[in-house]
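Please open the model in your viewer and keep a selection tool at hand.

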Amino acid sequence: MQLISKTYWGGAPMNMRRKPADCEVDNLILRAADFREHRGLLWRPRGVTKPKTAVVVMHPRADFTHHYVIPRLVDAGVACLAANTRNPNNDVTTIHEEIILDVGSCVSYLKNRMGVHNVVLVGNSGGGALNGFYQAQAKAGKGQRLSRTPGGRRTHLNDAEMIPADGMVYISSHKGEGMIMNEIIDPAVVDETNPQLSDPALDMYDERNGFRTPSKLDGSDAAWSEYDEAFVKAFRAAQLARVARIDAIARAMIAENRRAEELHNDPDFAKLPAARQREVLRREAFEPVLTIYRTMANVHYVDRHLDPSARDYGSIFSPRPDLMNWKFFGFGRQATPHAWLSTWSGLSSQANQMHDLPQITEPSVFINAGKDQEIFPKTDAIPMFNAIAAKDKTYVDFPEARHYFEPEFGAREAPDVEKVMDVVVPWILDRFGA
């Protein structure tokens, strides 16, 4: 059953369509403050070893090493450090309090090793929230940063060098992966161990609640649904209730590990029978993985009247979210308890743009794609822009562009990318030079 959006049929939609005209590429192994390594590609104009300005482009899990912003920036004399975090293409164990150290190692490399004067963080999609979290923590300074993850682990943030960036670029940025989850998780699931059990009163894909079922698998005959206010209110409250239930499961699992750790550290542990000691050690070492079923249930996917825009029907991943909701592919489908709380729980995650943006006073440009199927004008884009504390901030809307500014399926060129870069390149050059 082919349910994936055509956007992904030709490869990753965020990848560049051409390489910079004349460049050199350095393959880097970077080391974060907690000694974890991650990789990146440094794209720079040929012969330029000490650029005045450089950007960092990253995402919590997606590979942005060939991101579409790179060619135009390098052609304009701006170096681009396009890096993966320590968890490329897999966020099952992603802790946001750890991966912002990876952002920090990129900024440190550019500032300390290369002598770059100005560093701009370019955040596309989830990269925006990643960068916002980094910048807010970097500006807080040592001793004022978060000392614990939501799961209770000690962070390295107060020991780390975290140099604030000089400017921020947000392109189709969302509020945070947890904030996304709050709005896409299916509240009709009544048992996390049996995902086929549903509460029909909370099922947005039940026609009795206002859903209009397409007849074609490709969604080409889909008609917009329309939900009444009472259903949407109950649906949104139930989404948060389900997130809270999963939070409780995650915290209970973490507590079991802690109890085993306490038993191991007890002075009388050595007196226990060998079999009991093995049992305790195994429980202490055990790290379970949560499977979060059905995470493609945002009413905005199929109801456009709630937050009007020019977007197409469906989600960024599929034109049939009602069916894709049951597949493995999707947001946050598997996570360790610590990763769930840090990254995917909008109730527990500390990576929240609405908390971070009011701390950011550096020049910022916020670019919205009007046909985005995951980020919506009234719900997301405008509140985020308004939250930015910078006096120098710019909002640019491309009403006919999609999330990754990708063209129609099969097209060789991406004109919307060029339009975005017509904004981003002069914005950076005017403020920071090249």
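The stops below begin with the overall fold and then turn to ring pairs.

Start with the whole protein chain, bearing in mind that this is a predicted model, and colour it by secondary structure to find eleven helices and ten strands. The radius of gyration is 23 Å, close to the 22 Å that the globule rule gives for 434 residues, so the chain is as compact as a globular protein of that length.

Colouring by charge brings up 52 positive and 56 negative charges, whose mean positions are 3 Å apart.

Now select the aromatic side chains, among which the structure holds 14 pairs. Zoom in on Tyr-205 and Phe-211, whose ring centres are 5.2 Å apart with the planes at 80°, and since an angle over 60 degrees counts as edge-to-face, that is the class of this pair. Tyr-205 counts as buried at 11% relative accessibility, and Phe-211 is buried with a relative accessible area of 3%.

Move on to Tyr-227 and Phe-231, a stacked pair with 5.3 Å from centre to centre and 25° between the planes; both of these residues are buried.

Finally, select Tyr-8, Phe-317, Phe-329, Phe-331 and Trp-344 together, which ring pairs link into a cluster.

Terms used:
Residues numbered from 1 in each chain as written. Predicted model: local features only at pLDDT ≥ 70, side-chain atom pairs only at ≥ 80, totals over all residues. Heavy atoms only, no water. Helix = DSSP H or I, 4+ residues; strand = E, 2+ residues; numbered from the N terminus. Rg over C-alpha atoms; globule rule 2.2 N^0.38 Å. Lys, Arg positive; Asp, Glu negative; His and termini not counted. Charge placed at Lys NZ, Arg CZ, Asp CG, Glu CD. Phe/Tyr/Trp six-rings, centres within 6.5 Å; stacked < 30°, edge-to-face > 60°. Buried < 20%, exposed > 50% of the residue type's maximum accessible area, 1.4 Å probe, protein only.
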